[in-house]
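Welcome! Could you walk me through this structure, one contact at a time?

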Amino acid sequence: MLSPDAFETSQGSRRGMMGFCWSGECGNRPCWGDHYVPCCAGWVGPTVLLCIYGFCSMMRPIEPFLTEFLTGTYKNLTAEQVTRQVYPVWTYSNLVLLVPVLLVTDFLRYKPVIILQGITYVTTMLLILFGSGVHLAQLAFFCYSVAMAADVAYFSYIYTMVQPRYYQRVTSYVKGAILLGYAVGAMLAQLLVSLGGVSLGCLAFITLISVSVALLTSFLLPMPKTSLFYKGTDSAQHETSGEGTPDSEDFSIWAKSKTAAKHVGGKFRGLVLDCKECYSSMAMLFYCIWSATGTCGFYQVSAYIQLFWLHIQPGNFTAYNGGVDAFSTLTGAAASVAVGHMSLEWSVWGELVLGGFTFLVAGAIFLMDLTDNIWISYMCYSLFKTVYLQLSTICTFQIAKTLNRTRYALVFGMNSFVNTVLQSVLTAIVINSLQLGITSQSEVFILCST
């Protein structure tokens with residue numbers, strides 16, 4: 001057993017931030033008090049913490065019944081107020097907030113943005129629980145849009161903490177965690193309401209507890225050691241630290257600021273050139289276009305599928321919307337994790353797999369548009385969601401493999417921005433569907449075309 005001094009010496013370079021090493025990369029690690037010492041060299045520790053955060057932040061039982069909660073006796077909002085004044089705030093605010101969040105994500109080195117996401121999740125639930133009226137509901141969805149804009153930090157963070165050979169595996173884990181959390185939340189809500197007679201207010205409190213646990217977990221995440229902007233700024237300060245003298249303190253401060261500004265400007269120029277280089281690759285461009293358009297279509301179909309089912313379901317029919325959503329999310333999570341362990345030459349077969357299964361997804365949505373049978377629609381939606389979630393995982397780690405490690409937030413953020421712009425356009429179309437004479441089934445047909 002090593003002494004404390006020897007332990008600090010041997011582990012100082014590998015234990016610079018909180019984490020766990022369960023991957024065996026550290027070799028024969030010393031132990032202290034018969035326990036293995038935490039270390040950051042492995043990929044498992046940060047991945048586990050991020051998965052716990054993702055699971056708890058997405059385990060929101062109130063979501064399947066959120067519209068009923070807002071329009072019921074709890075908040076007394078009308079369906080038209082919720083559809084036209086409250087829900088659109090999320091899409092439009094997300095469009096405005098995405099770019100600022102993207103710009104500060106790498107500068108703050110991801111973790112603070114994840115903490116911000118946890119704080120806004122908690123704030124959203126507090127406003128939904130204790131607020132009243134349209135304006136506080138809109139404020140709640142504004143906070144929710146901040147959390148959604150911060151998703152770029154959640155999906156970019158893990159790539160700064162692990163080696164590229166683990167990208168495929170960790171991508172499947174972090175996506176599987178959020179999908180499992182969503183499925184557990186939906187299934188728990190369905191069981192509590194259908195079998196236990198639990199009120200929707202209790203579901204909202206459970207959701208508040210879950211996102212609060214996620215917030216606490218976010219503080220335990222290891223902090224990345226470097227970032228795009230910090231590297232330049234720190235080096236600039238180093239280079240100018242010895243230029244000033246006691247007699248020229250003002251000049252020294254000016255010189256440091258000017259040098260730092262030059263470094264930041266150089267970093268931005270490099271950012272533009274690197275972005276141009278990334279998108280000059282046809283494979284990269286293909287995956288980015290699919291990510292933006294596919295995610296847009298998925299969110300829009302998921303947002304309005306409940307209205308579509310209400311339109312085609314027969315009278316006196318017991319809806320199984322929550323069960324179908326939970327089942328499709330679970331199968332999607334299982335498919336996402338399975339992708340992480342597939343041995344396939346993705347550089348050769350990736351585009352073919354993505355393209356082929358995309359036609360399957362589009363066919364499922366078209367069939368939903370053509371059928372009036374609720375059960376066929378349920379099956380098509382389950383197929384659509386399962387396949388989409390699997391393809392999204394493939395797309396994510398293929399983009400990550402191609403990128404420079406300092407450009408994850410940029411590219412994922414650009415994809416999210418394009419996705420949000422498309423969502424805003426489609427949301428505006430749906431909101432004005434009465435003026436345009438669009439029916440519920442026609443809405444799904446329009447969304448399918450994305």
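Here is a short tour of a helix pair and some charged side chains.

The model is predicted, so to speak plainly about its limits: local features need pLDDT of at least 70, side-chain atom pairs count only at pLDDT 80 or more, and totals for chains, interfaces and linings use all residues. Residues are numbered from 1 along each chain as its sequence is written, and side-chain values use heavy atoms, leaving out hydrogens and water.

Let's begin with helix α2 (residues 44-58) and helix α5 (residues 111-130), which pack at an angle of about 20° with their axes 11 Å apart. That angle makes α2 roughly parallel to α5, a label for angles under 35 degrees. Where do α2 and α5 meet? L50, Y53 and S57 in α2 touch I114, Q117, G118 and Y121 in α5, contact meaning heavy atoms within 4.5 Å. The residues of this contact comprise 4 nonpolar, 3 polar and no charged.

Now for the charged side chains. Side chains of opposite charge can pair when their charged atoms come close. The structure holds 2 salt bridges, each a side-chain nitrogen of Lys or Arg within 4 Å of a carboxyl oxygen of Asp or Glu.

One of them joins E63 to R60, with the closest N and O atoms 2.7 Å apart. E63 is partly exposed at 25% relative accessible area, whereas R60 is buried at 6% (buried means under 20%, exposed over 50%, partly exposed in between, with a 1.4 Å probe and protein chains only).

D325 pairs with K385, and their closest N and O atoms are 2.7 Å apart. This pair links distant parts of the chain, 60 residues apart: D325 lies in helix α13 (residues 321-339) and K385 in helix α15 (residues 374-402). D325 is buried, with a relative accessible area of 10%, and K385 is buried at 4%.

Note on methods:
Axes are lines fitted to C-alpha atoms, for helices over the stretch in contact, and angles run from 0 to 180 degrees between N-to-C directions. Helices (H or I, at least four residues) and strands (E, at least two) are DSSP runs, numbered from the N terminus. Angles under 35 degrees count as roughly parallel, over 145 as roughly antiparallel, 65 to 115 as roughly perpendicular and the rest as oblique. Ala, Val, Leu, Ile, Met, Phe, Trp, Tyr, Cys and Pro count as nonpolar, Asp, Glu, Lys and Arg as charged, and the others, Gly among them, as polar.
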